[in-house]
Amino acid sequence: MSRPELHFTPVHNWMNDPNGFIYYNGEYHLFYQYFPYDIKWGTMHWGHKTSKNLIHWKDEGVALYPSKDFDRNGCFSGSAIEVDGKMYIYYTAIIYSKLNPQNIHVSGDGLIASQAMIISEDGYTFDPDTKKVIIPTFSKDDLLGHISNTRDPKVWKETDQYYMVVGSQYEASEKMHGEVLIYTSKDAIDWHYSNRLIDESIDSNMWECPDMFEVDGQRILIMSPENIVNDGENYPSHATWSIVNFNNETCEASIVQKPQFLDYGLDLYAPQTTIDKDGNRIVIAWLRMPKCGEDGDWIGLYTFPRVLYMKDNHLCFKVHPNVDKLFKHKVKDFSLSPRKISCTMNLDSYLNIGGFEITFKDNCICTNREKVFTQAAKLFNDESQVGKRFKTPRINGECHIDIYVDKQVIEIYVNDGKYVLSNIVYDLKEELNYQNINDLKLYAIK
């Protein structure tokens, strides 16, 4: 089986978090955490692709790579904005506090993190000599932030000021808690600490990849809290969204709603948003893969770009119209070429897509990928626990689903995206079986 046709994948080797997602000078730029030498995680670089339509991506090679003393062991995740026609990129610069003598690409004993930036004149060329540290490493005695686990700066402009949120952790009552540090700047270069967002009711020791923005007048925080699931079956760390209160003058912030998963397939992590050319807030995220793609030497895959919108005080997601409009040809046959399946599920409905099972039980959409998944799973060079069965929260009333199948990935949108459930699969069969389902329709892209 070849790689997915429509989903974003690396040309070769390892890919994880999306970075620097931006519509700039008439093109979408998407950078990504990249190790160009192996299908395992290692010294982080930034890969780079561009697109006119969020579907077809041109590989632009490596944009950032370790070159300074302060980032000599990796350029971790970050973001990009446009300032006076230039692209400003922010990232976490990494030093290993001790090298692993058996593998210099893996930390031997923790990290030393600072926040850095680089300015590109055109979004294609990145002069490593212009890198600079904008938030230095915290000391072990600092009450604010953490020497190792402070990372993933996300920057935006609001009125006449720039804001930055950075994920971090702190210790209280002999326990580590996640936090978001908030910085402000007048010129997007000189940054000053303004406030922090904490909530000890969230049982997580580190908040990664924070992103704060407005959708339909509602302030939203998405992030990836580490170790919030401890069921012994699924990945422990997951992407969430919450409604927050935020005062853009004082930078006081508070979470006013319990975090919810962005995606109930529990493969999704490290989402990042931007504004598309039509003014929509869109998000893309990493779908974690426990082994390489079926056709060779690559690992890592991104979701379809999704449009965010609020409905009944709930964050919802739709496949970006540039992608959805491709599926305009109604067909009768199922194929592993990209397909969209639309139907209405009834209680005890059953749908089998090449061994991937979808059911509607106890008012929840449930999936089972046991027959189309791997038994041995690794992530970040370690053995990983990866789930096989998933379900959405309870759904009241009718349940309509739109399913997008693209070889190694299946994305399910429930009731216009109130919930989404996406799963990585392997060895999917070219067959479709179902029962007790209404109005089933199949669409192809050509």
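Guide: Buried means under 20% relative accessible area, exposed over 50%, and partly exposed in between, with a 1.4 Å probe and protein chains only. This is a predicted model, in which local features need pLDDT of at least 70, side-chain atom pairs count only at pLDDT 80 or more, and totals for chains, interfaces and linings use all residues. Residues are numbered from 1 along each chain as its sequence is written, and side-chain values use heavy atoms, leaving out hydrogens and water.

Visitor: Why is C75 called buried?

Guide: The relative accessible area of C75 is 0%, which is under 20%, so the residue counts as buried.

Visitor: How do you know that the sulfur of C75 is too far from the closest cysteine sulfur for a bond?

Guide: A disulfide is a pair of cysteine sulfur atoms within 2.5 Å, whereas the closest cysteine sulfur to that of C75, in C209, is 15 Å away, and therefore too far for a bond. For C316, which is buried at 2% relative accessibility, the closest cysteine sulfur is in C399, at 14 Å, again too far for a bond. A search of the whole structure finds zero disulfides.

Visitor: What makes E174 exposed?

Guide: Its relative accessible area is 79%, which is over 50%, so E174 is exposed. E174 also has a positive phi of about 60° although it is not a glycine.

Visitor: Why is A188 called buried?

Guide: A188 has a relative accessible area of 0%, under the 20% limit, and is therefore buried; its phi, near 70°, is likewise positive in a residue other than glycine.
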